[in-house]
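Please look over the sequence and the model below before reading on. The text after them goes through the structure in steps.

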Amino acid sequence: MGVSGSGKSTVGGLLAQRLMVPFLEADDLHPAANRAKMAAGHPLDDEDRRPWLLSLADWIREATAAQGGVMACSALKSDYRDLLRQAGAVWFLHLAIDRASAERRVAGRVGHFMPARMEASQYAALEPLRPDEPGMTVDAAADPQSIVDRAADAVRALR
């Protein structure tokens, strides 16, 4: 979880490979209207996100019933994470990054629908993990492989 540009896709893909489980890029499940709204520079509201979150919860249910999985998802608000946790056993890895670094990363991406100017809305919505939420927070500026090492150890300890 984390804001756009925090490295969710990179770290998530590597973690899924390490754990040998399926990987889902949650952005792939956004309806076309959500993608168009964000591409136009308008942040999504809770009503926009609800159908998307419900589709992510469905994926979690399926993954939990099978071998598990890794999902790269912003999950910015605790309410969103609560909805996802209701779908199955979910553990969050919050990739924390400063706004300037996130904006630089997003500005350097090619072919992604999220413009760098949307970063402010991401930080406005971001609610860090609460103490009662399963997971950990790491510095997203760290080497992705070292983040994966820490996350894989933590996930294995849960099993």
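The model is a predicted one. In soluble globular proteins, nonpolar side chains tend to be buried together. Here the largest nonpolar core has 21 residues, and Leu15, Leu19, Leu93 and Leu95 are those with the most contacts inside it. Four elements, α1 (8-19), β3 (92-96), β4 (135-139) and α7 (144-158), each supply at least two residues of this core. The most comes from α7, which gives 5 residues. Another core lies apart from this one; it has 20 residues, including Leu53, Ala57, Trp59 and Ala87.

Leaving out residues up to four places away in sequence, leucine 93 touches Met1, Val11, Met136, Val138, Ile147 and Ala151.

The helix α7 can be taken next. It has 15 residues, and the distance from its first C-alpha to its last is 21 Å, close to the 21 Å expected at 1.5 Å a residue. Which residues of α7 are buried? They are Ile147, Val148, Ala151, Ala152 and Val155. These residues lie on the same side of α7, because they cover an arc of only 130 degrees around the axis. The spacing along a helix bears on this: an α-helix has 3.6 residues a turn, so residues three or four places apart point the same way. The buried residues of α7 pack against α1, β3 and β4. On the face turned away from that buried side, α7 carries the exposed residues Asp153 and Ala157.

The two strands come next. β3 and β4 pair in the parallel sense, over 5 bridges. Within this pairing, leucine 95 stands opposite valine 138 in β4. Is β3 enclosed or open to the outside? Of the 5 residues of β3, 4 are buried, so this strand is largely enclosed by the rest of the structure.

Strand β4 also holds threonine 137. Threonine 137 has a relative accessibility of 43% and therefore counts as partly exposed, since buried means under 20% and exposed over 50%. Not counting residues up to four places away in sequence, threonine 137 touches His94, Ala96 and Leu129. Threonine 137 and threonine 10 are 127 residues apart in sequence, and their C-alpha atoms are 16 Å apart in space.

Glycine 7 sits in the segment before α1. With residues up to four places away in sequence left out, glycine 7 touches Gly12, Leu95 and Arg105. The C-alpha atoms of glycine 7 and serine 74 are separated by 10 Å, although the two residues are 67 residues apart along the chain.

The charged side chains remain. Side chains of opposite charge can pair when their charged atoms come close. With a limit of 4 Å between a side-chain nitrogen of Lys or Arg and a carboxyl oxygen of Asp or Glu, the count comes to 9 salt bridges.

One of these joins the side chains of aspartate 149 and arginine 18, at 2.7 Å from N to O. This pair links distant parts of the chain, with aspartate 149 in helix α7 and arginine 18 in helix α1, 131 residues apart. Aspartate 149 has a relative accessible area of 32% and is therefore partly exposed. Arginine 18 is also partly exposed, because its relative accessible area is 29%.

Other salt bridges lie within a single helix. The side chains of aspartate 58 and arginine 61 meet at 2.9 Å, N to O. Aspartate 58 and arginine 61 are 3 residues apart in helix α3 (residues 46-65), so about one helical turn separates them. Aspartate 58 counts as partly exposed at 41% relative accessibility, as does arginine 61 at 44%.

Arginine 85 forms a salt bridge with aspartate 82, and the closest N and O atoms are 3.3 Å apart. These two are 3 residues apart in helix α4 (residues 78-85), and so they too are separated by about one helical turn. Arginine 85, at 27% relative accessibility, counts as partly exposed, and aspartate 82 does so at 23%. Asp82 and Arg85 are also linked with Arg130 and Asp132 in a network of salt bridges.

How values were computed:
Residues are numbered from 1 along each chain as its sequence is written. This is a predicted model: local features need pLDDT of at least 70, side-chain atom pairs count only at pLDDT 80 or more; totals for chains, interfaces and linings use all residues. Side-chain values use heavy atoms; hydrogens and water are left out. A nonpolar core is a set of buried Ala, Val, Leu, Ile, Met, Phe, Trp, Tyr and Cys residues joined through side-chain atoms within 4.5 Å. Buried means under 20% relative accessible area, exposed over 50%, partly exposed in between (1.4 Å probe, protein chains only). Contact means heavy atoms within 4.5 Å. The expected span of a helix is 1.5 Å times one less than its number of residues. The arc is that of the directions from the helix axis to the C-beta atoms. Two strands pair if DSSP finds at least two bridges between them.
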